[in-house]
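Thanks for coming, everyone. Please bring the sequence and the 3D view up on your screens. I'll be brief.

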Amino acid sequence: MNPNLHVFINEGQIFTSLNASSLPALIPPIPRPWNSYLESDSSPDNIKDLLTTQWAYKTLLWFPLIPTNPVFDGTIFGCLNHFFYSLPIEATSDSHYILCGDVRRAWENLEQKSHMDVKLAKKVALRSRDTFLGIAALCAYFIMRHLESPMVSPSKWTSVLTKDPQCPIPSAWVVELSRTFVGDFTNAVPCTSMSINSTHNLGWDLDVHMFKCFNVPIWVYWPLNFVIGKCWKHHAPCAEAIVVATEKSLWGAQSDGWSTQFNGNPWPAKMNDPESFQLDDLQPLSNATAESWSNPFLFPKPEVGSGQKLGEDWQQFFACWAPQHEEKEEKETPSQRSAHLNRIEMVGQKLPGKSSKAKVFEWEPQDEYNSFLLHKAVTKANIEGVWGNYNKFTRIYDSFANEWDLCLVLNPDSEPDGDDREDDDDMMPPLPICGPSNVPPPPPSS
């Protein structure tokens with residue numbers, strides 16, 4: 001095992017990191033199995049969620065670079081330097097509320113809508129401003145890709161902008177950009193970072209290496225009885241390290257966020273020698289540990305027809321889906337594939353009707369078994385009553401079995417579809433902006 005590896009235990013879950021000495025303040029829910037038919041990723045819609053550490057998404061590689069505490073100052077971003085109590089709001093002729101004229105012109109492409117009350121107008125405006133941080137992170141990502149290493153001179157990326165043959169950008173603006181959270185890659189600009197599920201084989205491991213070079217914290221999650229893939233062998237904990245970290249977390253002996261760094265004290269010399277320590281020395285958790293979790297006295301009896309095994313939690317249940325679905329997809333004929341895709345498109349997120357043959361299951365916590373989630377069938381009469389308690393992040397459709405799974409722990413912080421969302425109801429069409437459209441750039445700040 002890598003001697004610089006930190007091992008963390010959080011609520012029984014195993015995480016490791018080579019460049020972070022503690023876990024993030026908020027660990028996001030483990031994402032549901034990715035369904036290539038339904039989505040390109042499982043990223044959250046709410047920008048508030050993206051301002052905290054998220055799971056790595058193959059299609060959104062810049063998420064780890066979203067600044068957690070951006071400073072809106074200087075020539076470029078100074079116009080965004082507003083907070084809830086400082087944001088100026090004015091009334092419209094129809095008794096709605098909107099940003100004041102000068103701010104509205106400065107935020108022309110961010111927020112132009114009017115709302116029913118002052119509080120909502122401020123809330124939506126600041127949410128629009130924070131959404132811009134995703135674009136800023138995308139810019140930072142491409143700058144980072146161009147640099148490849150923090151040791152490379154910034155001129156490698158600034159010259160690309162200033163010397164562009166078709167649209168050169170003034171050097172004063174580029175220098176100003178390099179001082180902001182977009183172009184500053186020092187520790188002065190903390191970012192959201194990312195967690196990675198080791199069960200997923202990433203096609204962008206070079207980006208992971210780049211993030212490590214720029215000291216972007218990375219945590220790797222290891223499920224029980226994990227198998228060490230080639231990509232993650234340097235991040236893999238050994239069985240002894242997991243046992244020690246678990247014991248310390250139970251006794252509260254870890255002072256750095258339930259983490260343990262193995263620097264040579266508890267291990268033989270071979271474990272501390274990267275040259276002599278081989279991948280074969282890394283072992284997954286013993287089978288005895290997994291068997292003890294299947295003690296029939298510790299878990300509720302599964303429902304007949306639910307597909308859940310005794311002691312099988314929701315993560316293990318869903319983990320079995322991917323290989324089964326891949327096998328079925330490979331055997332599909334073109335006509336079967338077409339019918340399959342049509343069925344998924346027709347289902348969407350709609351409530352199954354009374355004539356629908358789709359089965360619905362709900363993952364219900366069992367109080368007498370330490371809130372263990374039991375996979376229980378929902379009767380047709382009760383489907384309508386529970387459907388609104390979930391949303392697209394907490395509902396999973398198995399298109400092969402024609403079954404729905406409703407599971408809140410997939411994303412416990414997301415809002416159910418049944419909740420009233422005044423933000424959407426109260427939004428008005430954008431108001432026209434009066435004033436020049438082409439404003440020359442202001443001089444750079446000193």
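I'll go from the whole chain to its aromatic rings, and then to one loop.

First, a caution. This is a predicted model.

Now the overall picture. The protein has 446 residues, and 40% of them count as buried. It holds 14 helices and 12 strands. The accessible surface comes to about 24,900 Å². Carbon and sulfur atoms account for 55% of that surface.

On to the rings. A search of the whole structure turns up 15 aromatic pairs. One of them is Trp 314 with Phe 318. Their ring centres are 6.4 Å apart. Their planes meet at 70°, which is over the 60 degrees needed, so we call this pair edge-to-face. Where do these two sit? Both belong to helix H10, residues 314-319. Trp 314 and Phe 318 are 4 residues apart there, so about one helical turn separates them. Are they buried or exposed? Trp 314 is buried, and Phe 318 is buried too.

Here is another pair. Tyr 397 and Trp 404 lie 5.0 Å centre to centre, with 40° between the planes. That pair is tilted. Tyr 397 has a relative accessible area of 3%. Buried means under 20%, so Tyr 397 qualifies. Trp 404 is at 1% relative accessibility, so Trp 404 counts as buried as well.

Rings also gather in a group. Which residues form one aromatic cluster? Phe 72, Phe 77, Phe 132 and Phe 181 do.

Last stop, the loop. Find helix H13, residues 380-387, and strand E11, residues 395-398. Thr 394 lies in the loop between them. Thr 394 is buried, with a relative accessible area of 1%. What does its side chain approach? A polar atom of the Thr 394 side chain lies 2.8 Å from the backbone nitrogen of Asn 391.

Move to the tilted pair, Tyr 397 and Trp 404.

Terms used:
Residues numbered from 1 in each chain as written. Predicted model: local features only at pLDDT ≥ 70, side-chain atom pairs only at ≥ 80, totals over all residues. Heavy atoms only, no water. Helix = DSSP H or I, 4+ residues; strand = E, 2+ residues; numbered from the N terminus. Buried < 20%, exposed > 50% of the residue type's maximum accessible area, 1.4 Å probe, protein only. Polar contact = N/O pair within 3.5 Å; in protein donor to acceptor, adjacent residues only side chain to side chain. Areas by Shrake-Rupley, 256 points an atom, 1.4 Å probe, with all protein chains shown as cover. Phe/Tyr/Trp six-rings, centres within 6.5 Å; stacked < 30°, edge-to-face > 60°.
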